[in-house]
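Dear colleague,

Please find below the structure that I am handing over to you.

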Amino acid sequence: KPAPILQPKNTLPVRCIHKSKSASDFNPLLLISTLTKAHDGPIWSTALSKGFVDSTTGRKTHYLATGGADGVVQIWELAPSRETLEKQAAANAEDGVSVILSSLESMWKGIVGSVVNCNANCNPTINSTGTMNASTEDENSTHSNKSRPRKRLGTDRSSSSQSSQKTTPLAPPLATVNSKCDALGTDICLINPIPVQRFTAHEEDVVDLSWSSTNFLISASLDKTARLWHPSRPMCLKEFNHADAVTSVSFHPSEDRYFVSGGFDKKLRIWHIPNGRVAEWAQASNVITAATYQPDGKVIAAGLCDGKVIFYSLDGSNTKMKYFTQITCKNGNGGKKNGKKVTGLTYLPQLSEDKLADGNNLGHGISD
C-alpha cells in the first residue's frame, strides 16, 4: 500500500459537494491566522479592495473591510510589508497601544487575541488618491468617531445600552485535522493585526460594504444611513440618509461618483456622491435585501426578500434606470419552492470565447 499522505496540522477539512462520484476534497486548505476579537459580536459583512498603488513606494496595497453588529467599520491591511509592521510597532509603543506577539501556533489557532487596547484613531499609513477629495469633511466634523450605545440586530432595543457594555465570548477555534506534521505558512503575515482605521459613527449594525475603484469605501447600516470612508481619513467623509434601514450598497465599477443602495423602504436609489443627492430611484415590490452593478456598469440587479431578482438597464449617463427583466430564485420543490430572501448577489467573470461557442451562455452570469 502507498504511504498515507500526511497533512499539515493547520489544514482545514473542506468537503467538495458535487454530483460526480470522482469529486475530491480540497486539500490542503491551510488556516494561516485568526483574529479572535476583530469585532464585538457577529461580523455581517466583509469586502476586499481592488488595490491601491502608493505613489512614494510603488507598492500595491490591498485592504479588507469588516462591519458587524457592534456598528463598527474596520479596515485591515493585507500582506503588510515588514517595514510597515516595524514602523507601526514603534509608533504604537509610544501611544501606549500594546500588541501581544504570541506563538505562531496560538496565532493561527486564535487562542490568544492579537490586539489589545487599540484606540479608535489608529494612524493612517497611506495617502489618499482617486478622483474625489478624501478631506471632504472638517477635522471637527459631526461624523467623527464617538463612543455611543449600540443597538444590536435581533436584540431588545430598550436594553441596547446595557448590552453594549457586555463583551461577546470568543468563538471556538476552527477544527483542523489531527496530524503530527508541523503547520505550514503560519510565518506569513497575511493581515496586519492592528486595523488601519476603526470607524464608530454608525449607531446600529453594519450589514454591507463596497469598495470603489479608487479605494473609497461605502457602508450600509440599519441606522438608516450609508456612509463614505477612506483608509487615509479617520472620520466619515459623507453621510447619505434614507427613510429606513439600508441593507445593501454597491459602487459603480468605474464611475466612483455613483453608488446604488437598497433597503427596507423598497426603493433602489442611485446616489451622486459629490452633491450627496439621489440621481435616480425605482420602486420595488418588496424589501430590497441585495443590490449590485454588473461588472460593465450597464445593469443593476436588486434582490428582494421574496426571492425575486429585478434587473434594471442604465443609459450612457449611468443614472437613468429602466426595468429590463426579473427572475425568481427558488427550488423546484420542497419548502423553498416559492422563493426565499436573496441574501447576496455576485456576477461571474465573463465567459471565454470557447464557452460561448454553443450560444447558450452570453455575457455575464449571476449567482445569488
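β14 and strand β15 (residues 258-263) are paired in the antiparallel sense over 5 bridges. Strands here are DSSP runs (E, at least two residues), numbered from the N terminus, and two strands count as paired if DSSP finds at least two bridges between them.

The model is predicted, so local features need pLDDT of at least 70 and side-chain atom pairs count only at pLDDT 80 or more, whereas totals for chains, interfaces and linings use all residues. Residues are numbered from 1 along each chain as its sequence is written, and side-chain values use heavy atoms, with hydrogens and water left out.

The sheet that holds β14 and β15

This open sheet consists of 4 strands in the order β14-β15-β16-β17, with antiparallel pairing. Its edges are formed by β14 (246-251) and β17 (277-283); each has a single partner strand, so one side of each is left without a neighbour in the sheet. From one strand to the next, the twist averages 20° (axes are lines fitted to C-alpha atoms, and angles run from 0 to 180 degrees between N-to-C directions).

Another open sheet of 4 strands has the order β10-β11-β12-β13, and its pairing is antiparallel. The edge strands β10 (206-211) and β13 (238-241) each pair on one side only. Here the twist averages 20° from one strand to the next. β10 is joined to strand β11 (residues 217-221) by 5 bridges, and the two run antiparallel. Within this pairing, Ser210 stands opposite Ile218 in β11.

Most residues other than glycine have a negative phi. Asn215 is found in the loop between β10 and β11. With a relative accessible area of 1%, Asn215 is buried (buried means under 20%, exposed over 50% and partly exposed in between, with a 1.4 Å probe and protein chains only).

Lys224 likewise has a positive phi, near 75°. The loop that contains Lys224 lies between β11 and β12 (225-229). Lys224 counts as partly exposed, at 39% relative accessibility.

With kind regards
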